[in-house]
Amino acid sequence: MIKLLNLEKNYISPTGEQLKVLHLERLEISDGEFVALAGPSGSGKTTLLNIIAGLSAPTKGEIWVYKQPLHRMSERERDEYRARTVGILFQTFNLLPGYSALENVLIAMSFSSKVPSGQRRRRATDLLERVGLSQRLHHQPRQLSTGQQQRVALARALANRPALLIADEPTASVDFATSNTIVDLLEESCRNDGSTLLTASHDPLVLGRFTRTIRLTSQGSVDSNFADWQSSMTSRPPHFD
């Protein structure tokens, strides 16, 4: 389970002013749940994902992920937590430019012991084939289209069978058909591995695929009106005139 209590994230502006980006009194996500984050640009979606992933520390408050207190961890401890717990599909991909698609996935697997070393090459190859890159295993990022790079990043995020998969705008750089393929792969892989899936997206077609959407306001808090509206809509039987 992911649990956030009185969590804040503040930044210091160039003028020295403290800017509050996130303020979440309480937020819980259950094990194995598929959750989407929505909200306007600047509402703190990526900041929240980075905190849950252990890439950034909160300014105040508590964050527990699978009973691990991230708010108490050093940067090194968060790195170790991320290696054993989290898979991340970055919005900017973050592929290593001098390495092939296959090597990018294999390098990610070297930071975790979840997949035995003797099985890593087969799993990396299988994942790249599943995302439609069987003919691009040995191509470097510069030799791949933007959509193909995103598929490599997806294979890398899934490589270690993470307990928590985080995807930041996973369909931002691909067409409609590929968007559906990516969401299908995310959902299928998470179901097979029993993983929790957390994504941020502006795409209404992507948001419509998730049973639960958490909307953040421009002030970085949960939009309770949206949550109440969504709850009433999902619990209300359909009405036809």
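How close do the axes of helix 5 and helix 6 come, and at what angle do they cross? Before the answer, two remarks on the model. It is a predicted model, in which local features need pLDDT of at least 70 and side-chain atom pairs count only at pLDDT 80 or more, while totals for chains, interfaces and linings use all residues. Residues are numbered from 1 along each chain as its sequence is written, and side-chain values use heavy atoms, with hydrogens and water left out.

Now the helix pair. The axes of helix 5, residues 146–158, and helix 6 come within 11 Å and cross at roughly 5 degrees. Helix 5 is therefore roughly parallel to helix 6; angles under 35 degrees count as roughly parallel. Axes here are lines fitted to C-alpha atoms, for helices over the stretch in contact, with angles from 0 to 180 degrees between N-to-C directions. Helices are DSSP runs of H or I with at least four residues, strands are runs of E with at least two, and both are numbered from the N terminus.

On the helix 5 side, Gln150, Arg151, Leu154 and Leu158 meet Thr178, Ile182, Leu185, Leu186 and Ser189 of helix 6; contact means heavy atoms within 4.5 Å. The residues of this contact are five nonpolar, three polar and one charged. For the classes, Ala, Val, Leu, Ile, Met, Phe, Trp, Tyr, Cys and Pro count as nonpolar, Asp, Glu, Lys and Arg as charged, and the others, Gly among them, as polar.

Ser179, Asn180, Val183, Asp203, Leu205, Val206 and Arg209 line the largest cavity. Two elements give two or more residues to that lining: helix 6 (176–193) and helix 7 (204–207). Helix 6 gives the most, with three residues. By class, the lining has three nonpolar, two polar and two charged residues.

Next, helix 1, residues 45–52. Six of its eight residues are buried, meaning under 20% relative accessible area. These are Lys45, Thr47, Leu48, Leu49, Ile51 and Ile52. After helix 1 comes Gly54, with a positive phi near 85 degrees.

Last, a loop residue. Where is Thr217, between which elements? Thr217 sits in the loop between strand 9 (212–215) and helix 8 (224–235). Its relative accessible area is 18%, so Thr217 is buried. Leaving out residues up to four places away in sequence, Thr217 touches Pro40, Ser43, Val222 and Asp223.

How values were computed. 1 Å grid on protein atoms, 1.4 Å probe; cavity = no way out; pocket = protein on both sides within 12 Å on 5 of 7 lines; lining within 4 Å. Buried < 20%, exposed > 50% of the residue type's maximum accessible area, 1.4 Å probe, protein only. Parallel < 35°, antiparallel > 145°, perpendicular 65-115°, else oblique.
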